[in-house]
Amino acid sequence: MLRDGGDEGMFTIPGFSQIQFEGFCRFIDQGLMEELHQFPKIEDTDQEIEFQLFGESYQLVEPLIKERDAVYESITYSSELYVPAGLIWRTGRNMQEQTVLLGNIPLMNSLGTSIVNGIYRIVINQILQSPGIYYSTGLDHNGISVYTGTIISDWGGRSELEIDRKERIWARVSRKQKISILVLSSAMGSSLREILDNVCYPEIFLSFPNEKEKKKIGSKENAILEFYQKFACVGGDPVFSESLCKELQKKFFQQRCELGRIGRRNMNQRLNLDIPPNNTFLLPRDVLAAADHLIGMKFGMGTLDDMNHLKNKRIRSVADLLQDQFGLALVRLENVVRGTICGAIRHKLIPTPRNLVTSTPLTTTYESFFGLHPLSQVLDRTNPLTQIVHGRKSSYLGPGGLTGRTASFRIRDIHPSHYGRICPIDTSEGINVGLIGSLAIHARVGDWGSIETPFYEISERSKEEQMVYLSPSRDEYYMVAAGNSLALTRGIQEEEVGPARYRQEFLTIAWEQIHLRNIYPFQYFSIGASLIPFIEHNDANRALMSSNMQRQAVPLSQSEKCIVGTGLERQAALDSGGSAIAEREGKIIYTDAEKIVLSGNGDTISIPLVMYQRSNKNTWMHQKPQVHRGKYLKKGQILADGAATVGGELALGKNVSVAYMPWEGYNSEDAVLISERLVYDDIYTSFHIRKYEIQTHVTSQGPERITNEIPHLEPYLLRNLDRNGIVMLGSWVETGDVLVGKLTPQTAKESSYAPEDRLLRAILGIQVSTAKETCLKLPIGGRGRVIDVRWGQKKGGSIYNPEMIRVYISQKRKIKVGDKVAGRHGNKGIISKILPRQDMPYLQDGTPVDMVFNPLGVPSRMNVGQMFECSLGLAGDLLGRHYRITPFDERYEQEASRKLVFSELYEASKQTANPWVFEPEYPGKSRIFDGRTGDPFEQPVIIGKSYMLKLIHQVDDKIHGRSSGHYALVTQQPLRGRAKQGGQRVGEMEVWALEGFGVAHILQEMLTYKSDHIRARQEVLGTTIVGGTIPNPEGAPESFRLLVRELRSLSLELNHFLVSEKNFQINRKEV
Amino acid sequence: MVREEVPVSTRTLQWKCVESRADSKRLYYGRFVLSPLMKGQADTIGIAMRRALLGELEGTCITRAKSDKVPHEYSTVVGIEESVHEILMNLKKMVFRSDLYGTLDASICVRGPRHVTAQDIISPPSVEIVDTTQHIAVLTEPVDLCIELKIERGRGYCTRTQNNYQDGSYPIDAVSMPVRNANHSIHSYGNGNEKQEILFLEIWTNGSLTPKEALYEASRNLIDLFIPFLHAEEQDINRNMEDNLKRASVPFFAFDDGLDNIKREIILKRIFIDQLELPPRTYNCLKRSNIHTLLDLLSKSQEDLMRIEHFRVEDVKQIFDILQKGFTIDLLKNSNQFESR
């Protein structure tokens, strides 16, 4: 049990990016040293020179550039690692010592991200099966229960021991083959004598080998031979050799038998062994002890393991991943050094440590790790919440883990041991459901990679409650008060009992028996889930959607705090790093939109603000100063609010007035009707900044040129280009406009033009162009203001330096039909219609509502929290109050949420003298009127204020149509996807629909001209240009032949026959 | 709902302002009463008035801003706390009181360090700034802030397209809605069959007009919409039904002689040549020579039209035909008469 030393910090929520940062610090503090210690002394072949690293005095150099500059210049923010190295001449007995540069290690910033090639990247925590042995039972194909013990190695390899009904013990070596446990142990080097001495049930071991098998286990060689035969599935009689032994070693023992330190500890614990912890490999003793246990299991002794229990899992954090990579890099370095020493000796050169060590192995290892490893991901920066949540993800996927397609249902499920460690709600939807989770707020990664969660220890001895962090293997043995009802009446004996958890079950236990209690109602949840007010009234599925959708909210141009929140908004915004915080106290001496200058303690610091920057999801990032000149600040005070934060609180959406009622069918099936006010008042207006880039290359004809003289294009399209051929800053560009004019040189080949083209050229005297235009044009859907142009030269090896030009275009998007909006309770919908404000239903004081939702969207989804939020929001809006409600307020009394909401509504109604706000006959509802007719609606309607978000799924990014375009090379069918100007697939069902309604011409068009009938397609193009009737297609394309075969399967023969005039011979033609 | 007894005479229809207050310079409130009304009438008037108040009133606001030194609206100026975009957003919120038609120019020219408010807008005398304390920007350094503004009167809300303006000016999506909120409630009284109703109208405005003015404007706009019906019979005598169908969308020419010239001019000004369904070529020619409304067109004689580049005799004839059919205006006769009238 780990006790938390500082009592001061026990009431604060840990920093949300702390998990990542602690991991990185662990790597720097311990991991580096451990790996450097393992670097061997390298000798040359003649053993004259010895090379070694003195790992204990390594140095990490502070990076020369700032984080911000690294992003701007697209380089890696890293620190150089220097280690003293020595070269010892055995002959002379003297040593040369130099400090060598091992390479660059990308650093992590306080938000838990690293900057690699100018891109923010984050390494996700991986959850792996802890190495060790696990016993389980199952049925074999005959329906007889079989006991198996699965040994899991440090790398995730599995080998199984199983006992069958004849009490024979087998070790499974491949999917099909198994060998006797005796063969395995003798192959591992034990003799029969040793085996029998070390087991508890020797008679069972002795009972089954027959004569033939006895021979196999007679010697180690024979056993290995047998093992190899089964393992590699080869027939015949292989001959024992060293290479065979090595192969087995490599393929079996190294992959499946390395336990590592954690594995050794688990093995010792599970099998009651006392093998020293530095023996990280599977020993024959382990195998025999495991077999003993297996026999015990068969006889009904011992307990089975639960593989999905969190105590059998371990976290592989950034620290472990970086350490593994560092080890890998050192192995590579070792090979390089070895090679160089030998080379130097051979050429009679005198090496120095600096000559021997190169920085490439380490640098490239880390570059490729951050670039290619599946757990290293680009930081999702849609909004501040997304950023912090991303770093707290835990994934079962990745190397050594599971895959989305094959993972079982049980592993995706919630387990009682997840309590306070992994959020039961927050996971991704779709194929990875349950595999990518999110760490709970208070969880931390403890020793041995376990996830720990804090509890209060209730002890008789001391009055004070102490906070303890417990690993999943510990808290099961304590009775933990669940905290879902508070004990309010003391003294009555019968009522001094409460619900508690004990060994994965819920019991009602007397108070004095309880050991621990939870520290916080949020303890179960991740950040995303704990930002949902009234979460206890929502169905978990909808809460899941909400926690995912909050991460998709677009920062709006003018944010607004939520009226009803949970109180975690502040820390979420603070830890995301979105807003600028005063790092020290002082006086503001200057502010403008770009920077804030702070003076304190005798010196001034200038804090640059983020100005209209692009996130990798094309949303905007921006900081607005919140302090004024001459004000004095304290350390930690907010200087500037970032996007989607207001006053240091997370503000993802807007409070809008809503009504739950049907409206002319415009909100059926989750559609949403909105008022025009949301458009013209810029309530849901967001900025989207896109990046367009182009590079110049060198072709065989010469380098490409950037110019504003493009003869191929109309001058209208080039109007925004400056002298150099790059778009001017501040110009407004539309689809098709040229952003960068570029010409690619081309050999002027007369023959490459069509004959009529050549004729025209000859007549008009147009020079044959020597270049092809390869301009960067604004693609379809793009329009906006050019806000930044960056022109950079990449350092190329040759004389010619390729140029890279990036153009940033900002777009202001108002909400429109087709955009997706969502609340915080998984209530999402698409805007279906925008009504003028006088047409919207209006309340009794004349205010038109802003959004109209369908009431049928609530009962089946069971997200009643939105009703509470809506009513309380109305009360808060009228009273000018903001509410912060922790979840599970029902523990104070029954129906606590409802009581709160209604009492607040009642007060609002009284204070503002609006009797319609709270009417006792239908509390929360009100009679409202149709804006078009002025008639009251038939029923009272729930009205209120909800916090609604605009999500990143917007029509502008999705709307797409195609009249003509490209075709796939192989199938000759239209391409797929919006990005490629693809077509909409007319699938089976669509074809049936056309068939069913007998729309023959459309069907023909879909199956011929628009699809893979190449001839007809080209003829259509020709005739539309000339202007004539489109000929009927001849012959059948593949898609039509498919149709014919479908008809045949309905017993309808479709064929055509040619009957000869002469001899009436029927000639059947296959369609 | 407001349920108050207000003493009203039972005979003639009367209105009265019951309550009027200014909560701030940009929030006016007024409550009016109309009585006595027959059963059902209050609803008819109430909803029509509410819709007219919310949707039909005109307002004045800034539609365009231009500043020379600024590269684009997402940039910043040294010494100003707000970014350019924020300043534009602040300008969007400006409230003016005026009765102008067309566009007017205004400007801001200040030097820091100071707090720039609506007071600093230099505008022509016909435009009055409602709330002089409205915030525009904060200059923290001695820098110049010069913005040229265009003020327009309009109705409702329109998004400006940006592409035509490359001159460094930035369009502002103007929202000209002087009425913030309007509500009506009905109170019935009397006994037996002789039930009578009182209509209460509540109006909140943004200060560019008082609730009383808003009520007046709204009723005038509403009446304007009903005028064609008053003359419905007159039309039917003159023309057959088929023509009428076409004319229904342009009902303004019913009162050829009855109304004064000014009214007629305003109406002609409101009909754009786009509505004439001219062939594209003709349309483009007219547009190019700055003929936008019917008034522009009518003020030109045939000779004037022929002088337009690429304009042919057939086109002129076509225009005459359309005008004759659709509006019963004979351009040949009309053109000169119109000026003389």
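How many salt bridges does a search of the whole structure find over all chains? The search finds 57.

**Stop 1: one salt bridge inside chain A**

Select A:Arg501 and A:Asp475. Their side chains meet in a salt bridge, at 3.5 Å from N to O. Now look at what carries each residue. A:Arg501 lies in strand 23 (residues 497-502) of chain A, and A:Asp475 lies in helix 16 (residues 472-475) of chain A, so the pair ties together parts that are 26 residues apart in sequence.

**Stop 2: a loop in chain A**

Next, select A:Glu669. This residue sits in the loop between strand 38 (654-660) and strand 39 (671-675) of chain A. Most residues other than glycine have a negative phi.

**Stop 3: where chain A touches chain B**

Show both chains. How many residues of chain A are in contact with chain B? There are 50, and they contact 41 residues of chain B. The two chains bury about 3700 Å² between them. Of that area, 48% is on carbon and sulfur atoms.

Now zoom in on A:Lys624 and B:Glu86. Their side chains form a salt bridge, at 4.0 Å from N to O. It is one of 6 salt bridges found across the interface of chain A and chain B. Polar contacts are there too: 24 residue pairs across this interface, with both residues at pLDDT 80 or more.

Which elements of chain A give two or more residues to the side that touches chain B? Select them in turn:

- strand 28 (586-591) of chain A
- strand 33 (624-625) of chain A
- helix 20 (677-680) of chain A
- strand 49 (784-793) of chain A
- strand 50 (803-813) of chain A

Strand 49 of chain A gives the largest share, 3 residues.

**Stop 4: the domains of chain B**

The domain assignment of chain B gives domain 1 (14-57 + 179-228), domain 2 (59-176) and domain 3 (260-327). Give each domain its own colour. The centres of domain 1 and domain 3 of chain B, taken over C-alpha atoms, are 40 Å apart.

Then select B:Ser35 and B:Pro36. A cis peptide bond joins them, with omega about -10°. Most peptide bonds are trans. B:Pro36 is found in strand 2 (residues 27-38) of chain B.

**Stop 5: colour by confidence**

Show both chains again and colour by pLDDT. Chain A has a mean of 85, and 93% of its residues reach 70 or more. Chain B averages 78, with 79% of its residues scoring at least 70.

Where in chain B is confidence lowest, and where is it highest? Helix 11 (residues 331-340) of chain B is lowest, at a mean of 44. Strand 14 (residues 196-205) of chain B is highest, at 92.

Finish with the stretches under 50. Residues 241-259 of chain B stay under 50, and the model has 24 contacts for them beyond four places in sequence. Residues 332-341 of chain B are also below 50, with 15 contacts beyond near neighbours in sequence. In chain A, select residues 1-10: pLDDT stays under 50 there, and the model has 17 contacts beyond four places in sequence. Where pLDDT is low, the predicted coordinates should not be read in detail.

Methods
Residues are numbered from 1 along each chain as its sequence is written. Chains are lettered from A and ligands numbered from 1 in the order in which they are written. Side-chain values use heavy atoms; hydrogens and water are left out. Contact means heavy atoms within 4.5 Å. Buried area is the accessible area (1.4 Å probe) that two parts lose on being put together, summed over both. A polar contact is a pair of N or O atoms within 3.5 Å; within protein, one must be able to donate a hydrogen and the other to accept it, and residues adjacent in sequence count only if both atoms are side-chain atoms. Helices (H or I, at least four residues) and strands (E, at least two) are DSSP runs, numbered from the N terminus. pLDDT is the predictor's confidence in each residue, from 0 to 100. Domain bounds come from an automatic or database domain assignment.
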